[in-house]
Amino acid sequence: MVDTTAFEERYGFRRDEVRLVNWRLTPYSQWSFQNVGELVPSAQVWDGSGNETGPQDPAWLLGETVSLPGGVERISDFLARSHADALTVMKAGKFVADWCAPTMDFGNRHIAFSISKSITAVAAGALQDDGLLDPQAPVTRYVPEAAGSAYGDAIVQNVLDMAVAIDIEEAYLDPQSPFARYRRAMLWNPGGGDEGLREFLCSLPRLPGAHGEIFRYRSPNTDLLGIILERASGQRMPDLLREKVFAPLGARGAVTITVDREGTSRASAGISLTPRDLARFGEMMRQGGIVDGRRLVSKAWVADTIGGGSKEAWDKSDFVTLFPRGRYRNKWYQTGDGAYCGIGIHGQWLYVDPATETIIVRMSSQPEPVTDSFDCDNIAFLAQLSHMV
């Protein structure tokens, strides 16, 4: 018999209260973000060796203070106030702090949401290195059925850079929007199953204007990228991610990705992994694409990702206030001060600071998908923390 009392004492609700209709809502997300596969169909990417060393004591860090837009705050207080689930810090390739909230155990997986985009992009870079993917090729070379949609005259690099003139908004909280239809197609919302991701993506209309001129953050681009990578490689995304990313990375924990009714992967937001494995992924980028002396992706691809991209396209976007001197390239944000990052809704951050040799992973269950005040706090927190360790 399952002990429901211990679960309820820890989380404040019963497991049978968590449903597909509420899994992204507080307080249920404190559990569901670590157990997405119990609610959304998911494919195994990597089973992991399980050979993880114990956590590094974060006590030395939690009592320190940071200057946030609202004032000076203890790190422990900020983590609690901002609904953090885990914080992992690496310095010069070594783990120096692992913190978990009372509702998360060290070594648990957590959904990375849109940091999945940055991971998917590295798989794209590896295929580009292999000569299997041409970023300058038209999307229709790989997905002919996209003709007639917003992607009909776009190139792959437009998809990688979120610079497609596509007519859809990231309306996370509008149940009547095309974005809600998108979430039903990916089986993240109730009522799905009549339409798959590929079918939905190939129906998206085009906006006026040229591709490549404006950075438009639209998650469907990365799901289409996942389909492009499958067509270019002849492999399913879970297998491709295993071969090109997580096996050479030496990930210790299991990795999963959500899938739709046809097994199409949610490349834009469906990956779950441990905070430490996400930090290892960031360290690989800091090392120019190398893990333990083995090259995972080319130095040239990493250099382009962290230094390329159109400043003009970024400056025309509604994201420019996030990083006023920033850019976006190959699904990675450049902060404008030398650091770069992957970001996911509900407070997921992978922050890489080459100048201080620091990698920071923050995983969270913030109540709202996007909260401007938390974004500002997190940017200030991560920048200061990277100089603190």
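In which loop is the place of threonine 335? Threonine 335 sits in the loop between strand E12 (332–334) and strand E13 (340–344); strands (E, at least two residues) and helices (H or I, at least four) are DSSP runs numbered from the N terminus. The model is predicted, with local features requiring pLDDT of at least 70 and side-chain atom pairs counted only at pLDDT 80 or more, whereas totals for chains, interfaces and linings use all residues. Residues are numbered from 1 along each chain as its sequence is written, and side-chain values use heavy atoms, without hydrogens and water.

Threonine 335 counts as buried because its relative accessibility is 8% (buried, under 20% relative accessible area; exposed, over 50%; partly exposed in between; 1.4 Å probe, protein chains only). Its side chain forms a polar contact with the side chain of aspartate 337 at 2.3 Å (a pair of N or O atoms within 3.5 Å, one able to donate a hydrogen and the other to accept it within protein; residues adjacent in sequence count only if both atoms are side-chain atoms). A polar atom of the threonine 335 side chain also lies 2.9 Å from the backbone oxygen of alanine 339. Beyond neighbours within four places in sequence, threonine 335 is in contact (heavy atoms within 4.5 Å) with Phe323, Arg325, Gly326, Tyr340, Cys341 and Tyr351.

Elsewhere, helix H5 (residues 115–129) packs against helix H12 (residues 275–286) at about 50°, the axes being 12 Å apart; axes are lines fitted to C-alpha atoms over the stretch in contact, and angles run from 0 to 180 degrees between N-to-C directions. Ile115, Ser118, Ile119 and Val122 of H5 meet Leu278, Phe281, Met284 and Met285 of H12 in this contact.
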